[in-house]
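I opened this entry to record what I looked up, with the cut-offs noted beside each term.

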Amino acid sequence: MVEAQKWTRRMSNPRLDTAATADDHVLDIPTIPTAEVKNGIYTFGSHLTPNLLTALIIASWFMSNTGVLLLNKYLLSFYGYRYPIFLTMLHMLSCASYSYIAINFLEIVPKQHILSKKQFFKIFALCAIFCFSVVCGNTSLRYIPVSFNQAIGATTPFFTAIFAFIITCKKESVKVYFALLPVVFGIVLATNSEPLFNLFGFLVCIGSTAGRALKSVVQGILLTNEAEKLHSMNLLLYMAPMAALILLPFSLYNEGNVARITLEKAKTDSFIILLLIGNATVAYLVNLTNFLVTKHTSALTLQVLGNAKAALAAFVSVMVFRNPVTMTGVTGFAVTIMGIVLYSEAKKRSKITTY
């Protein structure tokens with residue numbers, strides 16, 4: 001709140017008014033209400049302790065990340081909605097709409113603008129890689145269990161190290177490369193013992209993981225100029241509609257007029273509309289909670305949570321969908337996660353010694 005200001009009233013000749021006291025010369029200016037009071041609202045989390053707020057954000061992050069995987073799996077494998085490209089396009093449209101509201105109306109971050117054609121094409125290139133990664137990831141859920149999908153996805157640092165070396169010639173320390181060995185060994189172990197192994201599903205999931213790693217490396221190269229760097233939420237605001245436009249012709253060519261098919265299905269089963277809206281909303285919440293976790297903790301915490309999320313999503317999917325698992329597969333997954341933890345620690349120590 002803004003404290004009341006006190007203004008001293010000027011007299012034309014204060015000596016003539018000798019009886020007046022100091023208080024008589026003071027005018028009380030009413031306090032100026034803040035924007036939150038004017039609107040009758042308070043900033044979310046203002047009445048919560050920092051620790052409780054952080055805990056709620058992390059819990060929301062776990063629920064949204066696990067939820068979108070389970071919903072995608074349910075839609076694509078069990079519900080019979082076999083249109084992964086169209087589903088991804090809906091996710092992008094949802095992210096574009098919610099991002100516009102969050103930035104332009106809720107003002108969760110300051111809005112940034114694309115400053116040049118060069119910057120636009122850089123973002124478009126990232127968007128193309130992003131589309132490839134997400135579509136491959138969603139497609140893989142039609143053919144392989146969520147648990148296996150997450151085991152493969154955990155190998156992202158391995159592909160990141162490879163692309164960083166190939167594209168930028170960046171070399172890591174020997175300890176970092178050794179830490180990646182359990183990652184590879186674990187996924188080989190899990191693959192050989194996966195009861196529901198599907199070669200096509202495995203390959204597109206590898207493609208999704210490699211695409212995610214490639215995007216992070218390319219983003220570090222293309223958006224190095226401080227003037228061109230965009231906040232993650234602003235980057236999503238511009239990438240999401242671009243992604244939807246890229247995916248539209250591919251969806252029409254490969255899947256047909258899915259919008260018409262969906263509306264026809266909704267006439268007999270209205271639950272599909274609710275399911276798609278909920279799924280697209282959760283897809284946006286994944287991006288929003290990623291930002292909030294990083295803001296209230298750190299990027300390293302987000303990386304650690306990512307490892308825990310993979311294990312949690314795998315466990316929940318087995319409980320929900322009852323897909324068979326083997327002890328060797330569980331061991332392989334555990335070895336992969338252990339390798340990721342070792343990799344993160346080796347990277348952190350490598351940065352310390354560099355400085």
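Is Lys122 buried or exposed? I worked on a predicted model, in which local features need pLDDT of at least 70 and side-chain atom pairs count only at pLDDT 80 or more, while totals for chains, interfaces and linings use all residues. Residues are numbered from 1 along each chain as its sequence is written, and side-chain values use heavy atoms, with hydrogens and water left out.

I found Lys122 in helix H4 (residues 117–140), where helices are DSSP runs of H or I with at least four residues, strands are runs of E with at least two, and both are numbered from the N terminus. Lys122 is buried, because its relative accessible area is 16% and buried means under 20%, exposed over 50% and partly exposed in between, with a 1.4 Å probe and protein chains only. Setting aside neighbours within four places in sequence, I noted Leu222, Leu223 and Glu228 in contact with Lys122 (heavy atoms within 4.5 Å).

I then turned to the UniProt record, an unreviewed entry, which lists residues 272–293 and 327–344 among its spans for "transmembrane region"; its positions are given in the numbering used here, feature names are shortened, and annotations may be inferred rather than shown by experiment. In the model, residues 272–293 are 100% helix and 0% strand, with the end C-alpha atoms 31 Å apart. Residues 327–344 are likewise 100% helix and 0% strand, and their end C-alpha atoms lie 26 Å apart.
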